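Hi there,

Here is the structure I promised to pass on. Have a look at it first, and then read my notes below.

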Amino acid sequence: MKRLALVCFLLCSGVSAWAVDLGSVAPNAPLKELAGTEPGKLSGIADYKGNLVYLDFWASWCGPCRQSLPIMNKIREQYAEYGFEVVAVNVDENLDDALGFLEQYPVSYPVLLDPEGKMPAMYDVQGMPTAYLIDRKGVIIYKHEGFKKSDEAKIEAMIKENL
Amino acid sequence: MSKHFLFKVLSISLLLVFVQGCTTVKAWEKGYLSKPEMAFAPDPMEQKIMDHTYFAKEASSSGSAVSGGGCGCN
């Protein structure tokens, strides 16, 4: 009986969230591409293995994203030839919101759609925007929460260091 | 094991199961919350004016932020 009570208690305790740390392999989920090489096809960060990837979670309602997207676009254009790519994951539940935002702040890097929030849940994202720098072997080496203009230098330095 | 003890264990377990229904809004799910109609005060300036009028009429000491002050009108 005591064992039954213990089992009942443990079953009801719930499980902890799947979190990722620096040094762990970046989780991946196939998502529909909104913009990029082949809009509409399923893509993921696994497709960019071998590149230094900046995985950026953003949404149309995220204020700092109005600064981060154009800045990352500029950085990406600078370093793309060295094997750097930005993969943006949009978490808007309404596609029109994302499209409207991209009309105002267009980017030349792939944008994946994740309205159900599969990827941010895998990464246990705590704030928006959050970005992860993933090395060429698919390991997370840097995490950046939030965004302000002064972060540009820090992010660029991290990218240059790991190219 | 008495029936009473078993009943207690099962009720606590059931309670714990239901409590897991309480959840926080995840960071990426705040799209609807960020809409202006979801804010307590969608227009901060209008809210400030209303607060100021309220406290002036109530003849109580100022409860809302009135920077500068000194006019004695609050």
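Let's start with some rings: A:Phe57, A:Tyr123 and A:Tyr132 are linked into a cluster by ring pairs. Before you go further, keep in mind that this is a predicted model. Over all chains, the structure holds seven aromatic pairs. One of them is formed by A:Tyr123 and A:Tyr132, with 4.8 Å centre to centre and 50° between the planes, which makes the pair tilted.

Are A:Tyr123 and A:Tyr132 buried or exposed? A:Tyr123 has a relative accessibility of 1%, so it counts as buried. A:Tyr132 also has a relative accessible area of 1%, so it is buried. The cut-off behind both calls is that buried means under 20% relative accessible area.

A:Tyr123 turns up again in the largest nonpolar core, which has 53 residues. Along with A:Leu55 and A:Phe84, A:Tyr123 touches the most other members of that core. What does A:Phe84 touch, if you skip residues up to four places away in sequence? Its partners are A:Leu52, A:Tyr54, A:Met72, A:Ile75, A:Arg76, A:Tyr79, A:Leu133, A:Ile159 and A:Leu163.

Notice A:Arg76 in that list of A:Phe84 contacts, because side chains of opposite charge can pair when their charged atoms come close. A:Arg76 meets A:Glu85 in a salt bridge, at 2.8 Å from N to O. Both A:Glu85 and A:Arg76 are buried.

How many salt bridges are there over all chains? The count comes to four. Another one brings together the side chains of A:Glu152 and A:Lys74, 2.7 Å from N to O. This pair links distant parts of the chain, 78 residues apart: A:Glu152 sits in helix 5 (residues 151-162) of chain A and A:Lys74 in helix 2 (residues 65-79) of chain A. A:Glu152 counts as buried because its relative accessibility is 18%. A:Lys74, on the other hand, has a relative accessible area of 43%, so it is partly exposed. A:Lys148 and A:Asp151 also meet in a salt bridge, at 3.6 Å from N to O. With a relative accessible area of 8%, A:Asp151 is therefore buried.

Next, the cysteines. A disulfide is a covalent bond between the sulfur atoms of two cysteines. Searching the whole structure turns up one disulfide over all chains, and it joins A:Cys62 to A:Cys65 with 2.1 Å from S to S. The link between A:Cys62 and A:Cys65 is right-handed, with 90° about the S-S bond. Both of these cysteines, A:Cys62 and A:Cys65, are buried.

Last, a loop residue. Where is A:Asp47 placed? You'll find A:Asp47 in the loop between strand 2 (42-43) and strand 3 (52-58) of chain A. The side chain of A:Asp47 makes a polar contact of 3.1 Å with the side chain of A:Ser43.

Cheers

Terms used. Residues numbered from 1 in each chain as written. Chains lettered and ligands numbered in written order. Predicted model: local features only at pLDDT ≥ 70, side-chain atom pairs only at ≥ 80, totals over all residues. Heavy atoms only, no water. Core = buried A, V, L, I, M, F, W, Y, C linked by side-chain atoms within 4.5 Å. Buried < 20%, exposed > 50% of the residue type's maximum accessible area, 1.4 Å probe, protein only. Contact = heavy atoms within 4.5 Å. Helix = DSSP H or I, 4+ residues; strand = E, 2+ residues; numbered from the N terminus. Polar contact = N/O pair within 3.5 Å; in protein donor to acceptor, adjacent residues only side chain to side chain. Disulfide = S-S within 2.5 Å. Phe/Tyr/Trp six-rings, centres within 6.5 Å; stacked < 30°, edge-to-face > 60°.
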